[in-house]
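Dear colleague,

I am handing over the structure below for your records.

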Amino acid sequence: MTTITVSVNGKAVTRDISDNTLLSDFLREDLRLTGTHVGCDTSQCGACVVHVDGTAVKSCTALAVSLDGANVTTVEGVSTGGDLHPMQRAFNDNHGLQCGFCTPGMIMAGIDIVNRYQAEGKTLTEDAIRAELEGNICRCTGYHNIVRSIEDAAAEMAGMSKAAE
Amino acid sequence: MSDGIGARVKRKEDKRFITGKGKYTDDIRTENQAYAAFVRCPVAHAKINGINADAALAMEGVIAIHTGPEMKEDGIGDMITGWAITSKDGSPMNCGVWNPMVTTYGRYVGDAIAIVVAETQAQARAAAEAVELDYEELPATVFTGDALNDGAAQVHENVPGNMIYDWEIGDEAKANAGLANAHHVTELEMVNNRLSPNPMEPRSAVAIYDEAEDHYTLYTTSQNPHVARLVLSAFYNVAPEHKLRVIAPDVGGGFGSKIYIYPEEITCLWASMKTGRSVKWTSDRTEAFLTDAHGRDHVTKATMGFDADGRIVAFKTDTIANIGAYVSLFATVTPTYLHGTLLSGCYDMPAIYGNVKAVHTNTAPVDAYRGAGRPEATYTIERMMETAAREMGMDPAELRRKNFINEFPYQTEVILQYDSGDYHKLLDMAQKEADVAGFEARKAEAASRGKLRGIGYSTFVEACGLAPSAAVGSLGSAVGLWESAEVRVNPVGTIEILTGSHSHGQSHQTTFAQLAADRFGVPIDNVQVIHGDTDKVQFGMGTYGSRSGPVGMSAIMKALDKVEAKAKKIAAHTLEASEDDLVIENGEVKVAGTDKKMAWHEIGLAAYIAHNLPEGMEPGLKETAFFDPVNFSFPSGALICEVEVDPDTGVTEIVKFTAVDDFGTIINPMVVEGQVHGGVTQGIGQAMLEGVVHDESGQLLTASYMDYAMPRADDVPSYTLDHNSTPSPLNPLGIKGCGEAGAIGSPPAVINAITDAIGNNDLDMPATPSKVWAALQAVKPAMAAE
Ligand code: FES
Ligand code: FES
């Protein structure tokens, strides 16, 4: 057992955990944040994507003990003050989800993709979105509307970062 | 009405999913929660002499370990199948016994042998690993094409030659005569590859036994919780129906694989009684690959004859269908009445004969997967049409047009009577959308870049809206396939729709609510859809076979009719008007041509306050309806796929995919398009990527996403969709169903496009780069210079 303190969705939590606890299990079982999903056991599906210190990470591949002092954001933590994140809104606007199981991972991956491209000043084309989604599987939507959702959110997020400048 | 029928209403269910607040089975944790893991058969066929669980029982946190023979002793029943098929010689089908946990023989890798219950999931899984098995390995039959061979290993003692049934449909003599006189005969042998459905949410169960009430609750990943309760109760003897509540909360996709009631769910219920603990089991992905029912797995030989003018004169197919080690719930009907009856496709065929031999093998059970039988039929027919056109030097679209059915209703030679359609229009629209006219130019341009460009068609019809109860009963179904609905108007005028359909991605919370919004002009936010809980909804048959629209929504329409009739009676009485003069508009009941009216909520209130109701009327405003369809519905479509093949590597890219469908009436085009996107992607997965592979000994080689290729975002294009509606005359909405169309129609379009590009008709799914490359080499002209 090791004691870790992690900031999860802006709140500091301290827990005793066994050294082999995966971040996905820590979130789901210890913190009961069940928005982070587990869809495979080989780090292939991306249903478990969260942000660690602002970067997308497959939470099924990270050991919770390695995250002492880190900032973790899950899908439960991306909306602010009751307002949905533009990525969440875009998934609703564009029918980017059906059963919803892959959705938390898609939203977290989507935000990370847009942030990275915008930080580097690169254009986010449809091809780029499809290539970037390589680590996220959706069995329901055929990706068509997920791509539309991310394109849509990217436009809104670009507007937001402009406004913030 | 902006939220009514035909509107692109955004989904009401989305908020909880996009904020991480969905409630899937594995998200549920009860008090007193214990966790289960299964000890599974490590080989494809074995005699299990016993287990040694001493070491495992001594491990930390382990509560209990139980086996199949104990379960049998407690009176838990054997697994059942829901459809009895009769062989062509009149004999009943022969199928092996399936114990929920092995009693003597393990018959596939993954067959459940023992359940381990422990305090945590990790402890349960570790202890399951530590259980020692005493077993003798036996010879196994693994591959579909081998099962009927002389000397093939017997999967079940009571199923000689592994033959479950030898079934036929159509008229063999007539088909033979047609072929004998045909001007041209096309023959093909095809493999319809075995698939793993792979909903992203793995199966899961939380079973709770309440000793004080002698009552069970099961949370489970089910497409049809009432059917699960019925089967668990009536056949597996877990508990009588009134002592068993089944809840299918948010379910993360199903595609057929969550129709069935699997050994794990039954065993968890039984184990919760044995241990006095709430028992939770969640499959990992490897277990899902091993134990979720697989789909397809047919080997088919097809022969089609044409006259000199290109008209089909006869069609004959010979299929071996792999059912796996055990006969799962709908496994027997998939290759027969959901496949053989579709062999006419959208063509006027004067003679058809289909033979299907269903076989046991030492592999996981195979059952209905998105489309179920209809994709197999469509694949066979559409590969034949394209190949025949090439052989006869005809345009494949023209060959189809020549043979299209033009008049409806149309009686096929294989039982079904099609309701409505306009196949020419669909093909015309698809050709326009796909810019077929510009194809040759695009092909030349691709050639200038060293790429081979090909185009392929698929025009198809499917039987959906499962299913007329008496008709399926006469064909061997153990159940009727109607649907039920209840519409409750509350005293404040808000509406609850209770339905026996189940949404696991289909958007019912929105589209079903649109029906009530449309009918009464109330805001869609005032309508709630309730499903998935046997304590809340009286009964229902669930969601599969594209039935929630044509059957589920029809039941809601009938209940709405009854509510409307009663509401009008109340309004007529209150307003002192004739019912015939009343119209419902924008949430008000008005007397036409006057300013007399009642708001919808006033009617709700009047019904419940009951101070002034018409003489003899019961208070309240709540109605129930059952809808039993008189026939299947018959959606159809025309798909065109365009590909580019790199001749050096065999790598194939889909550059354009066009789908024009006829789903009859469309309630929410946004939702319907989403269903097509997903279905087509699964079809492209089957055509180019996916395939369950076993080694010779029956070990599963594709048991993870490292080995089983799922379609990913960069494997598929954005789609071009359109639709034309010929409403079904057979249900109140004219709706035909859209859930399976994409998966049914798309595989042959893809393969037809690739075979067009490479100039070789001999190509099996999945058309991986290595297969495409090899097929290309086989027809490459020998290079003179070499
Ligand atoms: S659960 Fe993490 S990638 Fe699948
Ligand atoms: S919405 Fe179901 S897996 Fe993506």
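**Chain A and its interface with chain B**

In this predicted model, buried residues account for 56% of the 165 residues in chain A. The chain has five helices and five strands, and along the sequence they follow the pattern β-β-α-β-β-β-α-α-α-α. The radius of gyration of chain A is 16 Å, close to the 15 Å that the globule rule gives for 165 residues, so the chain is as compact as a globular protein of that length. Taken along the principal axes, its C-alpha atoms fill a box of roughly 45 × 40 × 30 Å. Among contacts in chain A between residues at least 6 apart in sequence, 58% join residues at least 24 apart.

Turning to the interface, 45 residues of chain A are in contact with 54 residues of chain B. The area buried between the two chains is about 4100 Å², and carbon and sulfur atoms give 53% of that area. On the side of chain A, the residues that lose the most area to chain B are A:His95, A:Gln98 and A:Arg139, which together give 20% of what that side buries.

A:Arg139 also forms a salt bridge with B:Glu690, with the closest N and O atoms 2.8 Å apart. The count between chain A and chain B is five salt bridges, and 32 residue pairs, both at pLDDT 80 or more, are in polar contact across the interface. By class, the side of chain A that touches chain B has 17 nonpolar, 17 polar and 11 charged residues.

Yours sincerely

How values were computed: Residues numbered from 1 in each chain as written. Chains lettered and ligands numbered in written order. Predicted model: local features only at pLDDT ≥ 70, side-chain atom pairs only at ≥ 80, totals over all residues. Heavy atoms only, no water. Contact = heavy atoms within 4.5 Å. Buried area = accessible area lost by both parts, 1.4 Å probe. Salt bridge = Lys/Arg side-chain N within 4 Å of Asp/Glu carboxyl O. Polar contact = N/O pair within 3.5 Å; in protein donor to acceptor, adjacent residues only side chain to side chain. Nonpolar A, V, L, I, M, F, W, Y, C, P; charged D, E, K, R; others polar. Helix = DSSP H or I, 4+ residues; strand = E, 2+ residues; numbered from the N terminus. Rg over C-alpha atoms; globule rule 2.2 N^0.38 Å. Buried < 20%, exposed > 50% of the residue type's maximum accessible area, 1.4 Å probe, protein only.
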